[in-house]
Amino acid sequence: MKNIVIALVFLCSLVFCQNYPQRIISLGPYLTEEIYLLKADDNLIACTTYCKAKNKERIGSVMGVDIEKIVALKPDLVLATPLTKKDSLEKLKSLGINVVLLPYPKNFSSLCEQFMELGRLLGKERKAKAIIERSKKKINAIKERTKNFPKPSVIVQVGANPLWVAGYNTMINDFIEFAGGVNIGPKESAPYSKEEVIKNNPDVIIIMEMGIIGENEKKNWERIRVINAGKNKRIYIMDAYELGSPTPSSFAKTLKKIAKILHPRN
């Protein structure tokens, strides 16, 4: 009888226990944020200098990673982004390192898909699914509340010198549309002229945070009174992480802020 019990315990361990990674390195800020959201940060041993993580080893920047340091840390999983240099990834793979490239999500739907894939990799699939469902519920509530409001035209500035504006092919487009606005930027994120902005006459301009440069850009736009955003002082600065590196959970929080910016009286 005792032998049968031992055998059953062993079989159960084979069925229910999988060999999930215990030593993870993240090469992207948005991946690091998602690891923390999934409560898997105890297994995160290193990340980039751009990641918001405390007491973790740093292995270089998003694009320039320290191969020798990564190998020395003996990770069983390295999570990479499209910004990681291809030759660095190939080198790591040739040294026997398990590397998984997760694409940068371009909209909320692909963000959820990527997050679920990360959840599967880390053995946190049920938690990932629950987080996504909660976020979708909050997002749908915001969309429902704003659907009959007037839709202000919006431009989101993501760079200066040259001026860059977020296009339709970005996560930012979902932020604008879900919040009840209209993105009047280009089809794809690209250099843009102030003359084009003036011609399109946005009701709202949102500037992705760029420190002192962002503050100067805001002042410059406020001086241009021929556009509605300048005339009505509807120019705002938002955190770069909120707009550029959301998790499913933070997407809902940021969307709520944008909805308030676009519909301040509702």
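Author: A residue is buried under 20% relative accessible area, exposed over 50% and partly exposed in between, with a 1.4 Å probe and protein chains only. The structure is a predicted model in which local features need pLDDT of at least 70 and side-chain atom pairs pLDDT 80 or more, while totals for chains, interfaces and linings use all residues. Residues are numbered from 1 along each chain as its sequence is written, and side-chain values use heavy atoms, without hydrogens and water.

Reader: What makes Glu 125 and Arg 120 a salt bridge?

Author: A salt bridge needs a side-chain nitrogen of Lys or Arg within 4 Å of a carboxyl oxygen of Asp or Glu. The closest N and O atoms of Glu 125 and Arg 120 are 3.7 Å apart, so the pair qualifies. Glu 117, Arg 120 and Glu 125 are linked in a network of such bridges.

Reader: How many salt bridges does the structure hold, and which others can be named?

Author: There are five salt bridges. One of them joins Glu 57 and Lys 69 at 3.2 Å, N to O. Glu 57 belongs to strand S3 (57–58) and Lys 69 to helix H3 (67–72), so this pair ties together parts 12 residues apart in sequence. Helices (H or I, at least four residues) and strands (E, at least two) are DSSP runs, numbered from the N terminus. Another bridge joins Glu 242 and Lys 257 at 2.4 Å, N to O; Glu 242 is in helix H11 (240–244) and Lys 257 in helix H12, 15 residues apart.

Reader: Why is the pair of Phe 175 and Phe 251 called stacked?

Author: Rings of Phe, Tyr and Trp (its six-membered ring) pair if their centres lie within 6.5 Å; planes under 30 degrees apart are stacked, over 60 edge-to-face and the rest tilted. The structure holds four aromatic pairs. In this one the centres are 4.2 Å apart and the planes stand at 15°, so the pair is stacked. Phe 175 lies in helix H7 (171–178) and Phe 251 in helix H12, so the contact ties together parts 76 residues apart in sequence.

Reader: Are Phe 175 and Phe 251 buried or exposed?

Author: Phe 175 has a relative accessible area of 0% and is therefore buried. Phe 251, also at 0%, is buried.

Reader: What makes the pair of Phe 178 and Phe 251 edge-to-face?

Author: The planes of Phe 178 and Phe 251 stand at 65° and the centres are 6.0 Å apart, so the pair is edge-to-face. It links helix H7 with helix H12 across 73 residues. Phe 178 has 15% relative accessible area, so it is buried. Phe 108, Phe 175, Phe 178 and Phe 251 form one aromatic cluster.

Reader: How do you know that H7 is mostly covered?

Author: Seven of the eight residues of H7 are buried, including Met 171, Asn 173 and Asp 174.

Reader: Which residues form the positive surface patch?

Author: The patch consists of Lys 39, Lys 127, Arg 134, Lys 138, Arg 145, Lys 253, Lys 256 and Lys 260. Helix H6 (125–146) and helix H12 (248–262) each give two or more residues, and H6 supplies the largest share, four residues.

Definitions and conventions:
Patches are made of residues with over 30% relative accessible area and no salt bridge: like charges are joined within 9 Å, nonpolar side chains (Val, Leu, Ile, Met, Phe, Trp, Tyr) within 5 Å. Accessible areas come from the Shrake-Rupley method with a 1.4 Å probe; for residues, only the protein chains shown count as cover. Lys and Arg count as positive and Asp and Glu as negative; His and the chain ends are not counted. The place of a charge is taken as NZ of Lys, CZ of Arg, CG of Asp or CD of Glu.
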